[in-house]
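Please walk me through this structure. I would like to know what lies inside it and how its chain is arranged.

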Amino acid sequence: MNDWVEIGSINDIPRRGARCVRTPQSKIAVFRTMEDQIFAIDDHCPHKGGPLSQGIVHGAAVTCPLHNWVISLETGKALGADEGSVKTVAIKLDGDRIFASLERVAVAAE
Ligand code: FES
């Protein structure tokens, strides 16, 4: 069962940037768009596992730094001709504070 777990402040993430949160199951990339939307997806490209947190954010999508697949931050799906998807994590904001729907066990920011 998931809980809303505080994972930091929107001010910790540069616009069009990301930071990572490690959970027992995976590493999650938390993105901030130019419009101050926050999205969280697995930091693991569906192509060959590239670190999406190091990709370039444009609109509500990120381009993987390895082979340029474009992944929707809203759906986790690859856009264009590529097929695949990553897990998305629900996010809610309370002022500047970011909460993610995660299992409440040992969440550690990196
Ligand atoms: S690993 Fe992301 S595009 Fe290849």
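Of the 110 residues in the protein, 29% are buried. A residue counts as buried if 20 or more other C-beta atoms, placed from the backbone, lie within 10 Å of its own; with 12 or fewer it is exposed, and in between it is partly exposed. The model is predicted: local features need pLDDT of at least 70, side-chain atom pairs count only at pLDDT 80 or more, and totals for chains, interfaces and linings use all residues. Residues are numbered from 1 along each chain as its sequence is written.

Start with the elements. The protein has eleven strands and zero helices. Helices (H or I, at least four residues) and strands (E, at least two) are DSSP runs, numbered from the N terminus. The radius of gyration is 13 Å, close to the 13 Å that the globule rule gives for 110 residues, so the protein is as compact as a globular protein of that length. That radius is taken over C-alpha atoms, and the rule is 2.2 Å times the number of residues to the power 0.38. Along its principal axes the C-alpha trace spans about 35 × 30 × 20 Å.

Now go inside. The largest nonpolar core has 25 residues. Such a core is a set of buried Ala, Val, Leu, Ile, Met, Phe, Trp, Tyr and Cys residues joined through C-beta atoms within 7 Å. Ala 29, Val 30, Phe 31, Ala 40, Ile 41 and Ile 71 have the most contacts inside it. At least two core residues come from each of β2 (17–22), β3 (27–32), β4 (38–42), β6 (61–63) and β10 (97–102). β3 gives the largest share, four residues.

Take Ala 40. Leaving aside neighbours within four places in sequence, Ala 40 is in contact with Ile 28, Ala 29, Val 30, Thr 88, Val 89, Ile 91 and Ala 100. Contact means C-beta atoms, placed from the backbone, within 7 Å.

Two loop residues come next. Most residues other than glycine have a negative phi. Arg 16, in the loop between β1 (3–9) and β2, has a positive phi of about 60°. Arg 16 counts as partly exposed, with 15 C-beta neighbours inside 10 Å. Asn 68 sits in the loop between β6 and β7 (70–72), and its phi is near 70°. Asn 68 is partly exposed, with 13 other C-beta atoms within 10 Å.

Last, the record. UniProt places the feature "domain: Rieske" (unreviewed entry) at residues 4–100. The end C-alpha atoms of residues 4–100 lie 5 Å apart. This span is 43% strand and 0% helix.

Definitions and conventions
Contact = placed C-beta atoms within 7 Å. UniProt positions renumbered as here; feature names shortened; annotations may be inferred.
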